[in-house]
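Open the structure in a viewer and keep the sequence panel beside it. The stops below say what to select and what is found there.

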Amino acid sequence: MVGPINTEQNQELYVLPSPQAETIQAPPALTVLYDGACPLCRREIGIYRNLQSDTPICFADVSDAAASLPAGTTRQQLMARFHVQRQDGELLSGARAFLVLWAALPGWRWLALAGRLPGATWVMERTYRLFLRGRPMLQRWASRLDGPTP
């Protein structure tokens, strides 16, 4: 609203338009749900965040107890695997989630295209599951590289 407003004391205040009031923010096209307590995950998300995507992407650290979670999920489920939620609410995990994210990121789109080859998503998912088995050991290694936290 632009123009005068009468207050209870009959004083006139003027409300000026703000850029925020005129701009309706649409929800991000993709929401990346990642484990911010995982040093490997933080490093990878740091790489993705530094890229200039044409697609609005929100990065949500699900290890933060204050973070809201998609309906029907638990924090433990979301921290166990990589997840991406589309604007329509569809929740993807594992290789499918990576492929959707990579398709939106410059420099990574070639990998998303490779994922369209017959059988590629299946191979990527199996490889990701193998990675998840070794993730605890890799997290310890990455934590040592990070050094003590201040």
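## Stop 1: helix 4

Select helix 4: 9 of its 11 residues are buried, so this helix is largely enclosed by the rest of the structure. Buried means under 20% relative accessible area, exposed means over 50%, and partly exposed lies in between, with a 1.4 Å probe and protein chains only. The buried residues of helix 4 are Gly 94, Ala 95, Ala 97, Phe 98, Leu 99, Val 100, Leu 101, Trp 102 and Ala 104. Helices (H or I, at least four residues) and strands (E, at least two) are DSSP runs, numbered from the N terminus.

The model is a predicted one, in which local features need pLDDT of at least 70 and side-chain atom pairs count only at pLDDT 80 or more, while totals for chains, interfaces and linings use all residues. Residues are numbered from 1 along each chain as its sequence is written, and side-chain values use heavy atoms, with hydrogens and water left out.

## Stop 2: the whole chain

Zoom out and colour by secondary structure. The chain has 6 helices and 6 strands, and from the N terminus on the elements run β-β-α-β-α-β-α-β-β-α-α-α. Of the 150 residues in the chain, 31% are buried. Contact means heavy atoms within 4.5 Å. Among contacts between residues at least 6 apart in sequence, 58% join residues at least 24 apart.

## Stop 3

Strands of a sheet pair through backbone hydrogen bonds, either parallel or antiparallel. Two strands count as paired if DSSP finds at least two bridges between them. Go through the pairs in turn:

- Strand 3 and strand 4 are parallel, over 5 bridges; Thr 31 stands opposite Cys 58 in strand 4.
- Strand 3 and strand 5 run antiparallel and are joined by 4 bridges; Leu 33 stands opposite His 83 in strand 5.
- Strand 5 and strand 6 run antiparallel and are joined by 3 bridges; Gln 85 stands opposite Leu 91 in strand 6.

In the hairpin of strand 5 and strand 6, 4 residues lie between the strands, and Gly 89 takes a positive phi near 95 degrees.

## Stop 3: the largest pocket

Show pockets next. A pocket is an open set of points on a 1 Å grid over the protein atoms alone, where a 1.4 Å probe fits and protein lies on both sides within 12 Å along at least five of seven lines; lining residues have an atom within 4 Å of a point. Grid points are joined across faces, edges and corners, and a volume is the space filled by probe spheres set on the points.

The largest pocket has a volume of about 470 Å³. Which residues lie nearest its centre? Of the 23 lining residues, these are Glu 44, Phe 82, Phe 98, Tyr 128 and Phe 131. Helix 2 gives the most to the lining, 7 residues. Strand 3 (30-34), helix 2 (39-49), helix 3 (75-80), helix 4 (94-104) and helix 6 (120-146) each supply at least two. By class, the lining has 17 nonpolar, 1 polar and 5 charged residues. Ala, Val, Leu, Ile, Met, Phe, Trp, Tyr, Cys and Pro count as nonpolar, Asp, Glu, Lys and Arg as charged, and the others, Gly among them, as polar.

## Stop 4: the second largest pocket

This pocket has a volume of about 180 Å³. Its lining includes Arg 86, Leu 92, Arg 96 and Thr 121. Helix 4 provides the largest share of that lining, 4 residues. The classes are 6 nonpolar, 2 polar and 4 charged residues.

## Stop 5: helix 6

Finish by selecting Glu 125, which is in helix 6. Glu 125 counts as buried, at 9% relative accessibility. Leaving out residues up to four places away in sequence, Glu 125 touches Arg 81, Ser 93, Gly 94 and Ala 95.

Arg 129 is also found in helix 6. At 45% relative accessibility, Arg 129 counts as partly exposed. The C-alpha atoms of Arg 129 and Arg 81 are separated by 9.0 Å, with the two residues 48 apart along the chain.
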